[in-house]
Amino acid sequence: MTTFAVRPGSSRQLAGTGTLLRFALRRDRLMIPVWIGVNALMVLSMPNTLEGLYGTPAERAALIRQMATNSSLRAMIGPVFDDSIGALTAWRVGVYAGALAAVMSLLVVVRHTRDEEESGRQELVASGMVGRRASLTSALLAAAVANAVLALLVTAGLAGHGAAGALALGLGIAGTGMVFATMAAIVAQLTESARLARGLTAAVLGAAFVLRAAGDSASNDGSSVLTWLSPLGWLENLRPYADERWWVPALLAGAVLLQGAVAYGLAGRRDIGMSFLPTRPGPATGRLGSAGALAWRLQRGGVLGWSIGFLLAGVVYGGMTEGAADLVGDNENARRIFERMGGRSGLTDAFLASMVGMLGLVAALYIVASVLRLHGEETSGRAEPVLANAVGRLRWAAGHLVIAFGGSALLMLLAGLGFALGYGKDIGPILGACLVQLPAIWVIGGLAVLLTGVLPRAAAAAWGVAGAVLLIGWVGPALDAPQAVLDLSPFGHLPKLPGGSMEWGPVLSLLGLAVVLVAAGLAGLRRRDMTA
């Protein structure tokens, strides 16, 4: 229901956009800075790392020759277009920075469009003097502000290696983020569920990464048709620091304008809370007769998507193990980084351990998302009808937590199977290495449970913790961070498997900490008011 009548194209369609934008930025005052900070630090820390790894022209020339013949590593990182430190920085982190910007953007847009409609808040906002397209516009502007700040940080931080290349990389990362922001805006009009909108947009991002990887595996200069079908491939083919192609940002801008126009057109042709692809009502009995079954119905799509991703990642990383050993070769600095990440038991085992550890860090993001589904069900009001029946709070929470903690175990198991398939041997040690990541993953999940149960208004801070842990595990070893910094992450206390010795003390300690955090969170959930 709305209280205003405006003609299509009238300026009143955007009435209240500024106020909604300020409100969106205030709501995301924690999430957006964390995403920007993690992404910017990852990019800006890379030049010093690369200077230590490939400090001489001969080492950089050898790297280019090895990448030209190593299709598995090209699939993971992309081709190298020049041997300067700036070009190597764009090669090493450009695609990943673009992917992180895309995730940040889709989360922001869905949060301030479909999430608001699903919770009923958008209907209250629309009852005031707010234009029909003001919410969509403010969401896209919030994503644009975040991407613009990220682009400025990248450009300013890398300008010392060449202003033109720094500007190209900054524009490419921000442009990729906005492509997926406008894509999320379209999907938010098509779906009735914010969860489905996030999942579908993330699936498109995953498909874009796969297309780029397949194209780069087939070609060492980014010219494959598959690479050009992916927005991540556009970022790669912008070629920062390597005779920049300035028409590629125009391609990104064109995609943003086209998708934005489609989103605006769809937004003007539906009622608030409705969608072009409505969700089918499901049965209320039988398989959905319990709180646990309902939790599984709500989260099964996410579990399936993450499971497929981890299995494929394991196959890819396992298949490139031998190639990574060839790439490192006699480079002592690169060897030292792998040993800090994966132990000193040999380069192959160190590489496997470091890649397993990276997947463990990513699994921490899954468990946070799954645990915070409890908070989402509560704040949207959907938990109250469930709890109004003969369902206690602990039983309701247990359904989601079993999926969160059990799902993380499933992900690491599938990753281990993928490594075994890709590597072709040593399935037992690799599976053990994957499963030993679980105590650290569960500590992060336990912290999310604690925040949800005791400090629900700060539950989103669990994302900040997961992001900080990811940053420490990913960038810390490359920056030669002190051991005290690495030990801030629960992953820093795990044994380095495969190849290292199994140490049960830290593993059991982390398991005990996870149990304590979960118990404290459930106790808080049981005692406090709902939607507090």
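Predicted model: local features only at pLDDT ≥ 70, side-chain atom pairs only at ≥ 80, totals over all residues.

Modeller: Residues are numbered from 1 along each chain as its sequence is written, and side-chain values use heavy atoms, with hydrogens and water left out.

Biologist: Why is Asp28 called buried, and Arg111 partly exposed?

Modeller: Buried means under 20% relative accessible area, exposed means over 50%, and partly exposed is in between (1.4 Å probe, protein chains only). Asp28 has 1%, so buried it is. Arg111 has 25%, so it counts as partly exposed.

Biologist: How many salt bridges are there in the whole structure?

Modeller: A search turns up 4. Among them is Arg212 with Asp216, at 2.6 Å from N to O. These two are 4 residues apart in helix α11, which means about one helical turn separates them. Another is Glu236 with Arg212, at 3.7 Å. This pair links distant parts of the chain, with Glu236 in helix α13 (residues 231–237) and Arg212 in helix α11, 24 residues apart.

Biologist: What makes Arg212, Asp216 and Glu236 one network?

Modeller: Shared partners: the salt bridges join Arg212, Asp216 and Glu236 that way. Arg212 is buried at 0%, Asp216 is buried at 0%, and Glu236 is buried at 8%.

Biologist: Why is α10 called oblique to α11?

Modeller: The axes of helix α10 (residues 163–190) and helix α11 (residues 194–218) come within 9 Å and cross at roughly 140 degrees. Under 35 degrees counts as roughly parallel, over 145 as roughly antiparallel, 65 to 115 as roughly perpendicular, and the rest as oblique. That makes α10 oblique to α11. The axes are lines fitted to C-alpha atoms, for helices over the stretch in contact, with angles running from 0 to 180 degrees between N-to-C directions.

Biologist: Where is Tyr241, and what is its phi?

Modeller: Tyr241 lies in the loop between α13 and α14 (247–267). Its phi is near 65 degrees, a positive value in a residue other than glycine. Asp243 is in the loop between α13 and α14, and its phi is positive too, about 55 degrees. Tyr241 counts as buried at 12%, while Asp243 is exposed at 71%.

Biologist: Which residues form the nonpolar patch?

Modeller: Leu410, Leu413, Leu417, Ile427 and Leu435, with about 360 Å² of accessible area together. Patches take residues with over 30% relative accessible area and no salt bridge, joining nonpolar side chains (Val, Leu, Ile, Met, Phe, Trp, Tyr) within 5 Å and like charges within 9 Å. The areas come from the Shrake-Rupley method with a 1.4 Å probe, and for residues only the protein chains shown count as cover. Helix α20 gives the most, with 3 residues. Ile427, in helix α21, counts as partly exposed at 43%.

Methods
Salt bridge = Lys/Arg side-chain N within 4 Å of Asp/Glu carboxyl O.
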